[in-house]
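I set out to record what I looked up in this structure, entry by entry. The notes follow the order in which I consulted the model.

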Amino acid sequence: MSEVLSVPTMAEMLAEGKQPEVLFWVGCAGSFDDRAKKITKAFVKILNRAGVSFAVLGAEESCTGDPAKRAGNEFLFQMQAMMNIEVLNAYEAKKIVTACPHCFNTLKNEYPELGGNYEVVHHTQFLKSLLDEGRLTIEGGQFKGKRITFHDPCYLGRANKIYEAPRDLIEKLDVELVEMKRSKANGLCCGAGGAQMFKDAEPGNKEVNVERTEDALETAPDIIAAGCPFCNTMLTDGVKNKEKEAQVKVMDIAELIANAKDL
Amino acid sequence: MSYIDNILFAILLGLGFGYFALNVKKLIRNIKLGQDVNRSDNPKERWANMAMIALGQSKMVKRPVAGILHIIVYVGFVIINIELLEIIIDGLFGTHRVFAFMGGFYDVLIGSFEILAFLVLVAVLAFLTRRNIIKLKRFIHNDLKGWPKSDANYILYFEIVLMLLFLFLNGSDLALQMKDAPHYTKAGAFPISQFIAPLFESMSVGTLIIFERAFWWLHIAGILVFMNYLYYSKHLHILLAFPNTYFADLNPKGKFDNLESVTKEVKLMMDPNADPFAAPAPDADAAPTKFGASDVQDLNWVQLLNAYTCTECGRCTSACPANITGKKLSPRKIMMDTRDRMEEVGKNMDANKGVFVPDNKTLLNDYITPEELWACTSCNACVEECPVNISPLSIIMDMRRYLVMEQSAAPMSLNAMMTNVENNGAPWQYSQQDRLNWKNEN
């Protein structure tokens with residue numbers, strides 16, 4: 001685990017006259033949230049191991065504007081979008097990978113009309129393509145035989161119909177993939193979307209993340225797999241609320257793969 | 001021979017279709033209250049969606065029990081309505097079963113209408129049971145208190161009455177045919193009403209004709225009344241599901257529209273060559289743009305079409321994470337409120353020579369409260385669930401836009417988040433310069 005991460009920035013790449021294969025959009029959670037930073041590092045370890053030429057924007061990256069847009073602040077969203085597009089276009093970015101479905105959705109669907117046209121993939125799609133191209137191998141390792149259930153992030157699943165890439169990766173781990181009663185297109189939200197992450201819930205009789213965690217726990221999993229830093233937080237809190245943190249872990253798919261490879 | 005029957009029938013038909021046409025005109029006028037939005041792209045994909053989702057009921061069967069029962073009623077109604085053509089011709093020209101010349105094929109037609117009518121009866125009874133005896137959660141939900149609950153039951157009662165009239169009409173007709181009554185030429189196969197015909201066996205031909213005529217008139221009158229009931233009920237979906245699925249958004253569900261009016265202003269703001277003191281552009285005589293929606297006129301016409309199309313099945317609400325966890329938000333209520341307000345605005349216009357006179361009410365606050373709007377997680381479950389591709393989410397988002405951009409009325413914590421995004425480029429209070437610090441942390 002003491003391996004030094006190689007994380008070049010686009011600026012450094014440009015200085016060397018190089019263009020990376022893919023730009024890794026880290027996102028705000030991946031940059032600042034303690035839990036999500038671990039996912040970022042796990043993903044970078046895999047990229048390093050697979051020898052993928054990538055770069056990040058570093059201090060030149062800024063919020064995509066997703067939470068502002070979902071909160072209704074179209075002004076702030078478009079300001080963020082246009083600033084980011086200026087930076088991305090200046091570096092002539094072609095392909096972007098991100099571990100955050102919210103960044104993914106915004107970059108992929110909402111930036112083109114504003115002048116930002118890139119091939120945008122979620123990290124589970126990117127890892128799947130590495131696997132298919134033989135650049136990455138996955139073995140079960142420490143997860144062999146474990147029960148894992150996957151929570152579909154709304155902005156990956158329903159919003160963009162990506163259901164299989166994360167599942168294909170999990171299945172490669174020689175684990176038992178178990179589905180929740182509400183999954184794929186019928187998956188229940190973790191409660192964080194639409195800027196809910198940044199505010200208290202309206203009065204009700206339950207928290208959404210607890211409801212969703214109950215779905216996950218019903219499958220008696222060893223691990224709840226997530227593909228979104230916000231879902232990860234919500235489900236981790238849900239598992240704590242149910243006092244199951246000793247038995248059930250919430251992990252990102254990138255972490256599962258990195259751990260399986262002992263990276 | 002007197003032509004009074006035929007004339008009466010023509011008048012009834014004229015009244016039925018005339019009043020319906022008036023209401024359709026009103027419906028179109030109300031939908032046109034909405035803002036323009038272009039949905040003329042990709043006609044191929046749109047036709048395919050309509051064929052799959054409206055005609056083919058593909059999203060209905062995601063819930064198999066309701067889906068299959070619904071398909072029975074839907075197919076029954078569509079196919080039995082073919083018989084309407086014959087009824088209208090018979091009524092206008094005083095003929096009896098004018099299509100009987102088709103012979104064996106006619107028997108097949110009438111026979112299948114009867115079987116379908118029977119199946120519709122069974123399905124409708126099952127629907128009534130689900131609503132009133134089993135009391136499925138989405139049917140006893142608060143949204144449906146009062147008129148909407150009655151409306152749903154009236155529609156089902158109506159369908160029972162229409163199907164029974166159809167079968168009794170055939171039964172009495174068959175009895176007359178068996179009695180060799182003049183005018184009642186032998187035609188049709190009656191797999192269901194053959195069990196009804198014996199009820200009439202003991203009657204004289206004269207009495208029987210009175211019964212047959214009564215069923216016949218009540219049946220066609222009932223259909224015309226039912227058709228005119230549509231505009232006042234949630235049942236409009238039987239017509240509007242088709243245009244609604246055609247005009248639905250084709251983009252990935254996660255793609256929310258970028259407001260063009262905002263793009264213009266943001267571009268101007270970011271253009272170093274823009275002259276901040278320049279005179280407004282010549283087209284500035286247009287009304288100042290309003291950001292987001294506070295009333296039905298601010299929504300686009302597809303959203304208003306959505307509201308008329310909604311049949312209040314509540315699948316959206318039953319899948320909504322906010323509603324499941326006891327919050328006030330119910331996507332179905334968003335659609336019902338939008339329609340109710342649109343009707344109110346329409347009535348206001350009717351009363352004021354076609355011009356809307358401000359009534360100090362808006363969709364926001366008087367119908368939909370900010371508390372409902374802020375409970376949405378934008379998860380798209382409601383959009384995914386809707387069997388006819390209605391998007392409650394797009395209305396919620398447009399109203400949030402109004403709250404934030406016109407009224408600065410976001411919850412405090414969201415304002416803090418937005419200030420952070422504006423100042424630090426992240427929703428939390430971290431410096432943008434520190435974005436890569438994770439690289440060297442352990």
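**Entry 1: a loop residue in chain B.** I located B:Gln57 in the loop between α2 (43-55) and α3 (64-80) of chain B; helices here are DSSP runs of H or I with at least four residues, strands are runs of E with at least two, and both are numbered from the N terminus. I noted that B:Gln57 is not a glycine and has a positive phi near 60°. I recorded B:Gln57 as partly exposed because it has 18 C-beta neighbours inside 10 Å. The cut-offs are 20 or more other C-beta atoms within 10 Å for buried, 12 or fewer for exposed, and partly exposed in between, with C-beta atoms placed from the backbone.

**Basis of the notes.** I am working from a predicted model, in which local features need pLDDT of at least 70, side-chain atom pairs count only at pLDDT 80 or more, and totals for chains, interfaces and linings use all residues. Residues are numbered from 1 along each chain as its sequence is written, while chains are lettered from A and ligands numbered from 1 in the order in which they are written.

**Entry 2: a loop residue in chain A.** I then turned to A:Ala220, in the loop between α9 (208-218) and β7 (223-226) of chain A. A:Ala220 also is not a glycine, and its phi is positive at about 50°.

**Entry 3: chain A overall.** I listed eleven helices and eight strands in chain A. The radius of gyration of chain A is 18 Å, close to the 18 Å that the globule rule gives for 263 residues, so chain A is as compact as a globular protein of that length. This radius is taken over C-alpha atoms, and the rule is 2.2 Å times the number of residues to the power 0.38. The C-alpha trace of chain A spans about 50 × 45 × 30 Å along its principal axes. I noted that 59% of the 263 residues in chain A are buried.

**Entry 4: domains of chain B.** I took the bounds from an automatic or database domain assignment, which gives domain 1 (4-31 + 63-246) and domain 2 (250-269 + 290-426) in chain B. The C-alpha centres of these two domains of chain B lie 38 Å apart. Their contact takes 21 residues from domain 1 of chain B and 22 residues from domain 2 of chain B, a contact being two C-beta atoms, placed from the backbone, within 7 Å. On the domain 1 side, α1 (4-31) and α8 (237-247) of chain B are the elements that give two or more residues. The largest share of that side, six residues, comes from α8(B).
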